[in-house]
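Subject: Structure handover

Hi,

Here is the structure I promised to pass on to you. Please open it alongside this note, and I will walk you through what turned up.

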Amino acid sequence: MTTTPTTPTTPGTPGTPLDVARPATSLRGLCGGRVALPGDDGYDAARVAWNLAADQRPAAVAVPRSVEETAEVVRAAAAAGLRVAAQSTGHGASALAEADLSDTVLVRLHELTGVSVDVETRTARVVGGTLWADVVAAIAPHGLAALHGSAPDVAVAGYALGGGLSFFARQHGLAAHSITAAEVVTATGELVRADGAQNTELLHALRGGGGNLGVVVALEIALLPIADVYGGMLLWDRERAAEVVRAWTEWTRDLPESVTTSLRVMSFPPLPELPPFLSGRDLVIVDGAVLEDDDTAAALLAPLRALAPELDTFGRMPAAGMLGVHMDPPAPVPSVADHAVLGPLPDAAVDALLAEVGAGTRSGLMFAELRHLGGAVARPADGALSHVDGDYALFCVAVAPGPEAAVAGRAAAARVVEALAPWATGRHVLTFTERPVDPATAYSTDGLARLRAAKTAVDPTGVFVGNHRVS
């Protein structure tokens, strides 16, 4: 098998390293003038990701408003010996920002949006920069749902191409596997379609391969015939952390796949815009969805409700309501994080977690989250990221308004991950991973080899750079 060269070469010029790129000034005037270079008045604003702590400094930022403009930028960048990184919102930009982007054109797709729904086939065509909020708004009137994440302002493409863990995941799998077709601008600037009949290896690679293969200007995704769900959250003061965390971990050991939940130990700042039950408080929150009828769902939740939560919002709701259950920040924030995939959590593991984030501790984190995996998430499916081995995803996040806070936040997150290291699998969920990692920790051996072969076939000169590089 041929692998991507360690030192990619400039398209059309074999043997010329990309790191001797010509200046990005050749891109000026493209996209109707919406290209910013370092030193331009609009450069700093254009390079900002949703995660404000991700300090991206690319050779240029381009904002196309059409497929044609996107292709033109890719061709011009390749001709100049530059790489290309596609980005919609930049929720997961931290890993990309840690790389040297001085030879990379950042293509921001936030002005290339749109949704169309085919009710008969239960699919949606989603243009490259479209947010989940817009997709959910378009499909909900038809009694349909999607494998979206926990925030309305996350873009569909970055989330789904990276895997995508939804609150329906244990029953319906990763969002990457809902991709039925993709329209991709390749390294030559050509627009190609990948589906079940053509460019099938590219489609397989896109299901979990991230932005490494091209600029995805549209996706077609399969939808679910789900109009309403039994979803919500349970909330306790953090003084109850020991009993709640123990009860939740025990509860998750024997659940049907219809239940997908997360547990977070959270610290909210004392902000007046927050409701009183959150502002300035340390809390334990369990949230998620139960894809069962009301009586079955209530019976399944009974062990947690027996702990008398301060707030219980679980009940029948429109499926679209699941976008707000997790209470993700409604606006960009600066944050840093650490992550691990964990296996079964015995009492000793729970003790280790509570020693870091339980009652009376000061972890320095905004939250430490355990998201329940297993079920369909763990079963191999057709994609570069075929499945995720493990029982829980640990995700620790700290607010980082400045460099010193970022250093302290990373240390705080790392302490929790280190405390749980004896129960870690050594794997990573890339949409939760905000530092560069060995791709072998995210993909199976065969999956990574096949992904790399697809990368070589579609991008032999290494033009495209994903958040997490696969070669």
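A residue is called buried here when its relative accessible area is under 20%. By that rule, both Tyr230 and Phe314 are buried. Please keep in mind that this is a predicted model.

Aromatic pairs

The count of aromatic pairs comes to five. In one of them, the ring centres of Tyr230 and Phe314 lie 6.5 Å apart and the planes meet at 20°; planes under 30 degrees apart count as stacked, so this pair is stacked. Tyr230 belongs to strand E10 (residues 228–237), while Phe314 sits in the loop between strand E13 (311–312) and strand E14 (315–318), so the pair ties together parts that are 84 residues apart in sequence.

Phe367 and Phe395 make an edge-to-face pair, with 6.0 Å from centre to centre and 65° between the planes. Phe367 is in strand E16 (residues 367–372) and Phe395 in strand E17 (residues 392–399), so this pair links parts that are 28 residues apart in sequence. Phe367 and Phe395 are both buried. Together with Phe432, Phe367 and Phe395 form one aromatic cluster.

Around Val286

Val286 is found in strand E12 (residues 282–290). With a relative accessible area of 1%, Val286 is buried. What does Val286 touch, leaving aside its neighbours within four places in sequence? Its contacts are Gly232, Met233, Leu234, Trp236, Trp248, Thr261, Ser262, Leu263, Leu304 and Phe314. Phe314 is also the partner of Tyr230 in the stacked pair. As for Trp248, Val286 is 38 residues away from it in sequence and 8.2 Å away in space, C-alpha to C-alpha.

A helix pair

Two packed helices are described by the angle between their axes and the distance between the axes. Helix H11 (residues 347–357) packs with helix H12 (residues 403–419) at an angle of about 160°, and their axes are 9 Å apart. Angles over 145 degrees count as roughly antiparallel, and H11 and H12 are therefore roughly antiparallel to each other. The crossing of H11 past H12 is right-handed.

Which residues meet where H11 and H12 pack? From H11 come Ala352, Leu353, Glu356 and Val357, and from H12 come Arg415, Val416 and Ala419. Sorted by class, this contact has five nonpolar residues, two charged residues and no polar ones.

Happy browsing, and do write back with any questions.

Best wishes

How values were computed: Residues are numbered from 1 along each chain as its sequence is written. This is a predicted model: local features need pLDDT of at least 70, side-chain atom pairs count only at pLDDT 80 or more; totals for chains, interfaces and linings use all residues. Side-chain values use heavy atoms; hydrogens and water are left out. Axes are lines fitted to C-alpha atoms, for helices over the stretch in contact, and angles run from 0 to 180 degrees between N-to-C directions. Helices (H or I, at least four residues) and strands (E, at least two) are DSSP runs, numbered from the N terminus. Angles under 35 degrees count as roughly parallel, over 145 as roughly antiparallel, 65 to 115 as roughly perpendicular and the rest as oblique. A crossing is left-handed if the near helix is turned anticlockwise from the far one by less than a right angle, and right-handed if clockwise. Contact means heavy atoms within 4.5 Å. Ala, Val, Leu, Ile, Met, Phe, Trp, Tyr, Cys and Pro count as nonpolar, Asp, Glu, Lys and Arg as charged, and the others, Gly among them, as polar. Rings of Phe, Tyr and Trp (its six-membered ring) pair if their centres lie within 6.5 Å; planes under 30 degrees apart count as stacked, over 60 as edge-to-face and the rest as tilted. Buried means under 20% relative accessible area, exposed over 50%, partly exposed in between (1.4 Å probe, protein chains only).
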